[in-house]
Amino acid sequence: MDINVCIGSACHLKGSYDVIKEFQKLLKEYNLEDKITLKGAFCLNHCVEAVSTKIDNEKVISMTPEKVKPLLEEIAKEHKWNI
Amino acid sequence: MEYKFESNTQELKYKVLKAAAKAGFNKEKRVSKSKLAKEIIPGPKPSFRCCIHKERTIIKERLQIALHEEKDESIIKVIDSACEQCPIQRYTVTDACRGCIARSCENSCPVDAVYMVAGRAYINYEKCIECGKCKETCQFNAISDTLRPCRRSCPVDAIEIDDSKIAKINYEKCISCGQCAYNCPFGAITDISYVKDVAQDLANKVPMYALIAPSIASQFNNTKIGQVTHSLKKIGFKDVIEVALGADIVIKTETEEFIQRMEENNNYMTTSCCPSFVNLIEANAKDQVNHISTTVSPMVALGRLVKDLHKDAVTVFIGPCIAKKHEAKKPEFKDAIDYVITFEELRSLLGAKDIVVCDMPEDPLNNASYQGRMFAVQGGVASSITNYIIDNNLDVDFQPVLSNGAKECLKNINLAKYGKLKGNFIEGMACNGGCISGPGSLTHQKKDANTIKQYALKAKEKTTNDALEVINTLNLKLHKK
Ligand code: FES
């Protein structure tokens with residue numbers, strides 16, 4: 001699975017680096033690094049909902065560092081991954 | 001929009017490029033240059049030359065280049081019909097000569113080329129060696145130096161004059177710095193243009209990314225960078241990204257390379273970000289080429305990053321530099337950059353879409369660090385590396401020597417060659433003052449350097465480390481070899 005966090009200007013200013021760092025931390029903690037590839041992206045065309053994050057080339061959602069944990073837990077549950 | 005132009009030649013170029021961009025946006029296959037020439041030169045009175053027919057002929061030649069219809073892919077071209085065949089004699093006696101008693105001109109000439117004819121000084125051009133002594137000694141300032149502006153501006157003596165007195169570029173010597181194109185008062189030298197191709201791709205909804213050089217900050221008068229960013233997105237760019245982020249990548253990579261070279265007892269290394277500087281070494285000091293940093297330029301680094309994250313991205317570098325057009329065409333960098341356009345071309349691209357930049361809302365532009373942004377100014381690369389060394393507590397003896405302009409670049413390379421350089425690192429920028437005074441810039445003012453500094457201070461990330469904190473460069477090829 002691919003997760004792309006936008007590092008375009010609008011998202012960067014709203015803290016995409018913090019979102020990415022949170023992802024990096026939790027992916028390690030949950031041992032999901034081989035299942036989820038975390039990547040950056042430039043503008044995903046949802047600047048008002050920064051920090052934009054694209055999940056598996058599909059929908060773009062608005063993220064904050066706080067939302068990372070519930071998101072990963074939900075994904076893990078969906079895929080029946082043990083975390 | 002009423003732009004302030006630096007000169008009429010700049011304005012003329014704007015009109016021509018804008019017509020080319022319009023043709024691109026309209027996806028026109030066959031463009032009638034005669035029709036466009038008539039629109040640009042409506043007549044009936046000529047504006048600059050002898051008659052409107054000559055003016056239109058020249059415009060058609062300009063359009064040919066602006067529309068990228070020329071077969072020959074050289075970056076800088078002379079428009080033969082526009083070349084005024086300026087005098088080739090360097091020194092001329094003017095009417096101010098009073099045929100005085102002192103006759104310092106005659107007495108100072110080392111080759112007896114000056115003498116009095118009909119009560120006035122006369123220069124025998126068969127003998128004259130163009131040393132300038134007569135001019136220096138004349139108390140009336142009656143001898144003028146009429147060296148052609150193209151030749152005067154060329155730092156490597158690459159402009160030659162053919163039998164019909166038309167300027168010719170010696171491409172063996174040319175380093176693509178573009179100074180002749182900027183300095184010809186008749187606008188007879190110009191750069192190859194991709195503005196039509198870019199406009200056409202935008203019209204075809206190709207995913208285009210604008211990679212914008214830090215010197216953008218001093219370009220548009222009374223306009224905020226955010227307004228330029230918004231304008232670019234409005235005409236169809238998917239995103240606008242600072243090349244200064246590429247500079248941050250370069251700072252890190254180049255510092256690591258420098259440290260390694262010093263450990264291997266290399267005596268010096270040069271920067272590689274200025275393509276004219278690289279060309280200068282390649283053409284004039286072949287035996288020093290291995291001292292050029294193998295780190296790619298910020299443009300290439302960013303181009304590769306964008307393409308790594310967006311596989312279908314088409315990258316357009318927008319900057320003050322004409323030599324970047326040469327760099328981007330090198331086979332080893334073709335994967336990184338699809339088009340290079342100058343700020344002049346950017347202005348016409350926006351003009352073609354009737355975008356009034358100063359009326360636009362602002363979009364943010366913030367991808368890079370303070371240090372990355374300072375690359376645009378002379379001394380910026382060296383100071384960024386110094387800061388990076390300090391921030392990371394690196395143990396290395398870094399002694400930069402700055403070279404301002406191509407002539408100084410060459411001087412420092414020669415000093416290094418003979419072991420006389422007072423340092424171990426040469427920062428080379430072929431334009432005086434750095435990229436901000438590039439030939440494709442819209443303004444060339446003293447205050448520009450300060451404008452860049454103010455803009456650099458607004459970066460969210462202060463240091464290169466901060467800017468690169470989450471940027472994954474592992475997949476990127478950051479060295480030439
Ligand atoms: S900058 Fe992130 S969506 Fe536009």
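This is a predicted model: local features need pLDDT of at least 70, side-chain atom pairs count only at pLDDT 80 or more; totals for chains, interfaces and linings use all residues.
The contact between the two chains involves 24 residues of chain B and 16 residues of chain A. The area buried between chain B and chain A amounts to about 1,700 Å², with carbon and sulfur atoms contributing 59%. On the chain B side, the greatest losses of area to chain A fall to L309(B), K460(B) and V470(B), which together account for 32% of what that side buries. One of the salt bridges joins the side chains of K21(A) and E469(B), with an N to O distance of 3.0 Å.

With regard to secondary structure, the elements of chain B that each give two or more residues to the side touching chain A are β10 (239-242), α12 (298-309) and α19 (464-468). Among these, α12(B) provides the largest share, namely four residues. When the residues on this side of chain B are sorted by class, twelve are nonpolar, three are polar and nine are charged.

No disulfides are found over all chains. In the case of C177(B), the nearest cysteine sulfur belongs to C154(B) and lies 6.1 Å away, while C177(B) itself is buried, with a relative accessibility of 10%.

In chain A, the peptide bond from A50(A) to V51(A) is cis, with omega near 5°, and V51(A) is located in the loop between β2 (37-41) and β3 (52-55) of that chain. In chain B, G43(B) and P44(B) are joined by a cis peptide bond with omega of about -5°, and P44(B) is placed in the loop between α2 (33-40) and α3 (52-66).

Positive phi values are found at two non-glycine residues described here. For A118(B), phi is near 50°; this residue belongs to the loop between β3 (114-117) and β4 (120-123) of chain B and is exposed, with a relative accessible area of 82%. For N141(B), phi is about 55°; N141(B) lies in the loop between α5 (133-137) and β5 (143-145) of chain B and is exposed as well, at a relative accessible area of 60%.

Technical notes: Residues are numbered from 1 along each chain as its sequence is written. Chains are lettered from A and ligands numbered from 1 in the order in which they are written. Side-chain values use heavy atoms; hydrogens and water are left out. A disulfide is a pair of cysteine sulfur atoms within 2.5 Å. Buried means under 20% relative accessible area, exposed over 50%, partly exposed in between (1.4 Å probe, protein chains only). Contact means heavy atoms within 4.5 Å. Buried area is the accessible area (1.4 Å probe) that two parts lose on being put together, summed over both. A salt bridge is a side-chain nitrogen of Lys or Arg within 4 Å of a carboxyl oxygen of Asp or Glu. Ala, Val, Leu, Ile, Met, Phe, Trp, Tyr, Cys and Pro count as nonpolar, Asp, Glu, Lys and Arg as charged, and the others, Gly among them, as polar.
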